[in-house]
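Student: I have a structure open and want to learn how to read it. Where do we begin?

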Amino acid sequence: MSVITDTWRFLLQRRLWPVAVLLIAAAVAVPKLLASQPTSAPAPPAAAVKSDSAAVLATEPIAARAGDADRSGRRLVLGASKDPFKPQVTPTPTSAPATVKATATTPVTGAAGGSSGGSSGGSSAGSTTPAAPGTTAPTAPTAPATPKKKYELNELTVRFGPSDQTGGSPPRKDVKRLEALPSNDLPVLIYLGVLRDMKTAVFLVDSGIVAQGDGTCRPSRTSCETIELRAGETEFLDVPADDSGDATAAPAAQYQLDVLKIRKTTTTSAKKASKSLARVSKSGRKIVRARIAGDGPLRYHYDSKTGRLEKLSHKAYKAVVAQAARAARAHF
């Protein structure tokens, strides 16, 4: 008991005697509480409760036996009657003509005169309503297809115009055989045709014109009667200011010729081919004939069957010149 006595004295000295009293009371009360705790009573058995409906279901059957009155009456069956021994025929679907319903956006008003958007709390002012059945929507007019351009046999696509123009390259132009450039009144060049290689175009140059560029002058560069050009080549042509023949004088104008493409269009029909070869510039033909009458025959022969030019050999050219001379003497 020395421990309990020492503890009690310590608490009295520290004036903690209320704590000591509580500890003693707890030591005495806890065993009594544990000893006096009652045991839990068993739960009472649940009473079996049966309702009137359950009792009825347990005593009476759900299905009743059919009587004689029920058998004599006709039973109602949902759907169409069907013979189970007859084969079913599948109907053939018929295609109905499709109709296009046009829709238009129109404002819908309510019974009180207000808009539907106001009655429903929304802000939409209209709705889409279908058109009357059987009506077709108007179709937008389609632009007619542009027909593909047809070119004549050996027709050229060139750029020709003054070389000092501010708009850049000269304008694009399609040139037929014996057509004069830039015009019949000022025939700086006349397109004679294409050689047998189908790659070289020949132009007749007006007298006094000075040519410079990629082309080949015939018979020489100093005496240029004709120019041979291929696709992609360029030639510059200086027109003299007067007929004095001074080569140092400033030209009155300078033209630029760019050969872009030689059309190698062919036809299968001989009749169509002859018509294509006959489509030439009549004004240009007159200019060429006047040039031949004044300066002599050219060094090329045009084959009307193939539509091509052929270079005359030196011997053949001399024979043509002699024949022209005899024809000229016959007129005197």
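Student: How much space lies in the largest pocket?
Tutor: About 470 Å³. Here a 1 Å grid is laid over the protein atoms alone, and a pocket is an open set of points where a 1.4 Å probe fits, with protein on both sides within 12 Å along at least five of seven lines. Grid points are joined across faces, edges and corners, and the volume is the space filled by probe spheres set on the points.
Tutor: One caution before we go on. This is a predicted model, where local features need pLDDT of at least 70 and side-chain atom pairs count only at pLDDT 80 or more, while totals for chains, interfaces and linings use all residues. Residues are numbered from 1 along each chain as its sequence is written, and side-chain values use heavy atoms, with hydrogens and water left out.

Student: Which residues are closest to the centre of the largest pocket?
Tutor: Lining residues have an atom within 4 Å of a point. There are 15 here, and Val288, Ile292, Leu298, Tyr300 and Tyr302 are the closest to the centre. By kind, the lining divides into 11 nonpolar, 1 polar and 3 charged. Nonpolar covers Ala, Val, Leu, Ile, Met, Phe, Trp, Tyr, Cys and Pro; charged covers Asp, Glu, Lys and Arg; the others, Gly among them, count as polar.

Student: Which elements give two or more residues to that lining?
Tutor: α7 (282-295) and β13 (300-303) do. α7 gives the most, with 4 residues. Helices (H or I, at least four residues) and strands (E, at least two) are DSSP runs, numbered from the N terminus.

Student: What does α7 lie across?
Tutor: α7 lies across β5, β6 and β7, at about 100° to β6. Contact means heavy atoms within 4.5 Å. Axes are lines fitted to C-alpha atoms, for helices over the stretch in contact, and angles run from 0 to 180 degrees between N-to-C directions.

Student: How do I read the sheet there?
Tutor: Strands of a sheet pair through backbone hydrogen bonds, either parallel or antiparallel. Two strands count as paired if DSSP finds at least two bridges between them. This open sheet has 5 strands in the order β5-β6-β7-β10-β9, with antiparallel pairing. β5 (180-182) and β9 (216-219) are its edge strands, and each pairs on one side only. Neighbouring strands are turned by 35° against each other on average, direction ignored. Take β6 (residues 187-194) and β7 (residues 200-205): 5 bridges pair them. Leu189 stands opposite Val205 in β7.

Student: What is the strand order in the open sheet that holds β12?
Tutor: The order is β4-β3-β12-β11-β8, again 5 strands with antiparallel pairing. β4 (172-175) and β8 (210-213) stand at the edges with a single partner strand each, so one side of each has no neighbour in the sheet. The twist averages 30° from one strand to the next.
Tutor: Now look at β12 (residues 253-262). It pairs with β3 (residues 156-162) over 7 bridges. Thr157 stands opposite Lys261, and Pro162 stands opposite Tyr255. β11 (residues 234-239) pairs with β12 over 6 bridges. There, Val239 has Ala253 as its bridge partner.

Student: How many bridges join β13 to β14?
Tutor: There are 4, and the two strands run antiparallel. Tyr300 stands opposite Lys311 in β14. The hairpin has 4 residues between the strands, and Gly307 takes a positive phi near 75°.

Student: What span should helix α1 have?
Tutor: The expected span is 1.5 Å times one less than the number of residues. α1 (residues 2-13) has 12 residues, so it should span 16 Å, and its end C-alpha atoms are 16 Å apart, which agrees.
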